[in-house]
Amino acid sequence: METFLQQLINGLTIGGFYAVVALGYTMVYGVLKLINFAHGDMFMWGTLAGWGLLTTVLAGLTDMDLVAILVTAVLVMAFIGMMGMTIERVAYRPLRSAGRLSPIISALGAAFALQSVARNVSHARWRTYPQGLLKGLPTLRLTDEVAVSGLQILMLVICAAIMIGLYLFVQRTRVGTAMRAVSLDHNVSRLMGINVNRIISIVFFIGPALGGLAGLLIGIYYGSFNFTLGWVFGLKAFIAAILGGIGNIPGAVLGGFILGISETMVVAYGPDIGLANASAWKDAIAYVLLIAILIARPTGILGETVAEKV
Amino acid sequence: MKRISVVIVLLAMVLGPFGLIANAQEGEPIRIGLQGPMTGDYAYEGQGFVKAVQLLVDQVNEEGGLLGRPVELVIEDDAGDPTQSALVADRLIDAGVVAVIGAYNSTATEPASEIYNENGILHITPSSTATRLTEKGFAQFFRVCFLDDRQALFAVMAMKDVLGAQKIGILHDNSTYAKGLADWTQVYAEEAGLEVAFFDAINPDDQDFTPILTNIGGASLDAVYFTGYHAQGGLLLRQTAELGLDIQWMMGNASNNPEMVEIAGVDAAAGTFITTEPLPQDLEYPEAVEFVEAFTEAYGEPPASVWWLLAAEAFNVIAHAIQETESTDTEVLAAYLHEEFKDYPGLSGPIIGFDEKGDRLGTIHALYQISEEGVITYYPEQPQPQAEE
């Protein structure tokens with residue numbers, strides 16, 4: 001029971017990261033019906049930019065963890081948000097009326113471009129964040145065997161805050177309402193006086209900015225990364241978004257947690273049911289689960305069936 | 001029709017030089033290939049290969065080359081990836097190399113070794129230690145490092161004799177090399193009467209190993225031997241500390257890299273044991289000291305990993321064989337290495353010779369521990385040397 005609790009906490013932490021990254025996929029899909037494959041690599045750029053800032057310009061501030069991290073977070077979010085808007089303007093907007101395939105290829109192109117630049121910038125090495133960031137946080141011992149580190153709690157709290165904040169933003173504000181309108185129909189929204197391009201730009205700022213923040217958090221939490229991080233996490237987050245029902249914000253969150261926890265449980269309890277080498281089976285089992293859920297609910301767990309427009 | 005003839009002329013222009021290379025003449029450079037991971041997870045090692053080997057190539061050329069011909073190093077990047085490795089092998093053959101040094105990891109060496117064997121190119125790996133690489137009967141494949149099974153036996157002795165462990169765990173990462181080492185460790189551990197209470201693998205693409213670490217922590221083991229690479233080794237150590245687990249880690253030679261300490265953080269890494277070939281600066285042979293000095297002078301820092309030194313060793317073996325046989329023919333060179341090459345003063349100690357499979361005879365593994373300051377230091381207490389079989 002105690003190890004189960006510990007494994008659940010492990011799974012929640014991994015799932016929380018998947019969930020925040022999944023939000024970026026789901027927001028863009030909501031307004032453009034486009035899978036923004038560059039999202040995973042923008043997220044990795046958040047890790048990279050955070051590393052760059054914390055090890056150079058802000059290195060002197062790392063004694064004052066909190067200040068350094070807050071400044072870094074703001075700069076990283078602004079930078080990755082701008083990167084998202086630029087990519088939308090350069091790689092997606094010109095192709096908006098070009099059917100469905102071209103923008104997807106364009107997105108893949110943007111992903112590879114970002115990854116290759118990151119590879120060169122980081123000299124393809126594993127890069128490490130300054131040691132001991134936020135080490136002052138206490139570890140919470142629930143029992144003798146179960147411990148939650150302060151960093152884990154902080155990550156979960158931030159992830160939760162992002163998700164709730166975003167949900168309220170989309171549901172309660174004027175811009176959020178406009179986003180929902182644009183996701184329903186671009187032309188009708190335009191007739192209602194909504195500046196569709198502006199709304200799409202805002203989406204492409206917020207999604208990547210949150211992705212960049214998640215990237216920074218990953219860097220702080222795991223302490224090291226390399227340029228392939230975005231591909232692996234991006235793919236998992238994309239799947240989480242589909243699992244929960246793409247276009248749906250609570251769905252992305254739910255999908256992230258389901259994926260993170262199920263992966264963890266396969267590794268944790270695989271050996272008990274005679275599954276040798278469970279880490280290698282983990283993905284196979286997690287994705288069979290995905291297929292099963294999608295067969296039962298083709299639009300994802302929380303996805304709504306939208307009637308095709310004629 | 002016209003278009004086709006233009007294409008043929010263009011093809012002839014492009015392919016012509018390759019024809020020339022294939023029929024290398026006297027005075028033409030002797031091309032030696034070096035394949036390794038210049039990018040990807042192991043880029044640090046691959047780039048170190050280049051530094052080490054280029055240093056010796058320059059020295060040889062300053063002294064007039066080999067057989068009166070200059071030596072040219074042809075470098076290719078396999079990114080540590082088996083698919084890429086096969087492409088790279090074809091490219092090196094097209095470039096007309098007489099011998100190849102590489103690759104770094106066994107996973108990348110395996111497909112390339114097949115291609116070099118088919119094309120009759122002398123192939124020496126400095127660092128791929130998976131046992132099965134030399135089980136295929138390739139007459140022109142050699143290695144200057146030592147086998148996984150030797151290291152496995154050494155690790156078992158270290159856990160048993162030095163740590164006094166009874167109940168151990170073994171963790172690998174599903175790569176050719178790490179799984180081989182893990183399997184051998186299990187065999188020798190059971191022979192030595194140790195209980196292998198945990199045997200599992202991680203997925204090296206993951207960033208989070210807390211699920212498997214929680215399982216290891218719950219198994220109350222005396223020691224856990226991780227046979228994978230240093231990037232994951234560092235993450236394992238860091239997350240062990242973060243979970244507040246008390247695990248005595250011992251790492252295999254692929255984790256013998258200061259970057260592991262950087263990734264883990266000094267506090268989390270301190271106390272971890274490493275089984276490995278000795279670090280370059282811990283070698284006392286005059287050839288080793290001289291090489292480390294030359295390397296330090298050229299690049300401003302000593303070689304960080306023993307694999308760089310062994311890459312240089314591989315080049316020396318090739319150059320020596322070419323000098324002695326006055327030939328660049330693979331069959332002649334391979335026959336020489338198998339039969340006549342004995343007691344050569346190598347950088348990593350005397351090379352007694354190669355056995356019929358192409359494996360280097362003997363063993364030089366040593367036990368290291370990461371100090372409180374995060375430095376990988378030679379451990380004062382070493383396991384008893386094992387009897388040669």
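1. A:Asn195 counts as partly exposed, because its relative accessibility is 44%. The residue sits in the loop that links α7 (186-191) to α8 of chain A. Between A:Asn195 and A:Phe227 there are 32 residues of sequence separation, and their C-alpha atoms are 36 Å apart in space. The model under discussion is a predicted one.

2. In chain A, helix α6 (residues 174-184) packs against helix α8 (residues 196-222) at an angle of about 105 degrees, and the two axes are 10 Å apart. Angles of 65 to 115 degrees count as roughly perpendicular, so α6(A) is roughly perpendicular to α8(A). On the α6(A) side the contact is formed by A:Val175, A:Ala178, A:Met179 and A:Val182. From α8(A) come A:Val196, A:Ile199, A:Ile200, A:Ile202, A:Val203 and A:Ile206. Sorted by class, this contact between α6(A) and α8(A) comprises ten nonpolar residues, with no polar and no charged ones.

3. The largest nonpolar core contains 121 residues. Those with the most contacts inside this core are A:Tyr92 and A:Ile220 together with B:Leu171, B:Ile216 and B:Trp249. The element giving the most to the core is α8(A), with 15 residues.

4. When neighbours within four places in sequence are left aside, the residues in contact with B:Leu171 include B:Phe198, B:Ile202, B:Ile212, B:Ile216, B:Tyr225, B:Phe226, B:Leu236 and B:Trp249. B:Asp200, B:Ala201 and B:Thr227 are also in contact with B:Leu171. Another core, of 81 residues, lies apart from the largest one; B:Leu66, B:Val144, B:Cys145 and B:Ala189 are among its members.

5. Chain B holds an open sheet of seven strands with mixed pairing, in the order β7-β6-β8-β9-β10-β13-β14. Its edge strands, each pairing on one side only, are β7 (195-201) and β14 (376-378) of chain B. On average, neighbouring strands of the sheet are turned by 25 degrees against each other, direction ignored.

6. Within the sheet, strands β10 (residues 273-276) and β13 (residues 366-370) of chain B run antiparallel and are joined by four bridges. B:Phe273 has B:Gln369 of β13(B) as its bridge partner. Helix α8 (residues 230-242) of chain B packs on the sheet and touches β6 (167-172), β8 (223-226) and β9 (249-251) of chain B. The direction of this helix makes about 175 degrees with that of β9(B).

Key. Residues are numbered from 1 along each chain as its sequence is written. Chains are lettered from A and ligands numbered from 1 in the order in which they are written. This is a predicted model: local features need pLDDT of at least 70, side-chain atom pairs count only at pLDDT 80 or more; totals for chains, interfaces and linings use all residues. Side-chain values use heavy atoms; hydrogens and water are left out. Axes are lines fitted to C-alpha atoms, for helices over the stretch in contact, and angles run from 0 to 180 degrees between N-to-C directions. Helices (H or I, at least four residues) and strands (E, at least two) are DSSP runs, numbered from the N terminus. Angles under 35 degrees count as roughly parallel, over 145 as roughly antiparallel, 65 to 115 as roughly perpendicular and the rest as oblique. Contact means heavy atoms within 4.5 Å. Ala, Val, Leu, Ile, Met, Phe, Trp, Tyr, Cys and Pro count as nonpolar, Asp, Glu, Lys and Arg as charged, and the others, Gly among them, as polar. A nonpolar core is a set of buried Ala, Val, Leu, Ile, Met, Phe, Trp, Tyr and Cys residues joined through side-chain atoms within 4.5 Å. Buried means under 20% relative accessible area, exposed over 50%, partly exposed in between (1.4 Å probe, protein chains only). Two strands pair if DSSP finds at least two bridges between them.
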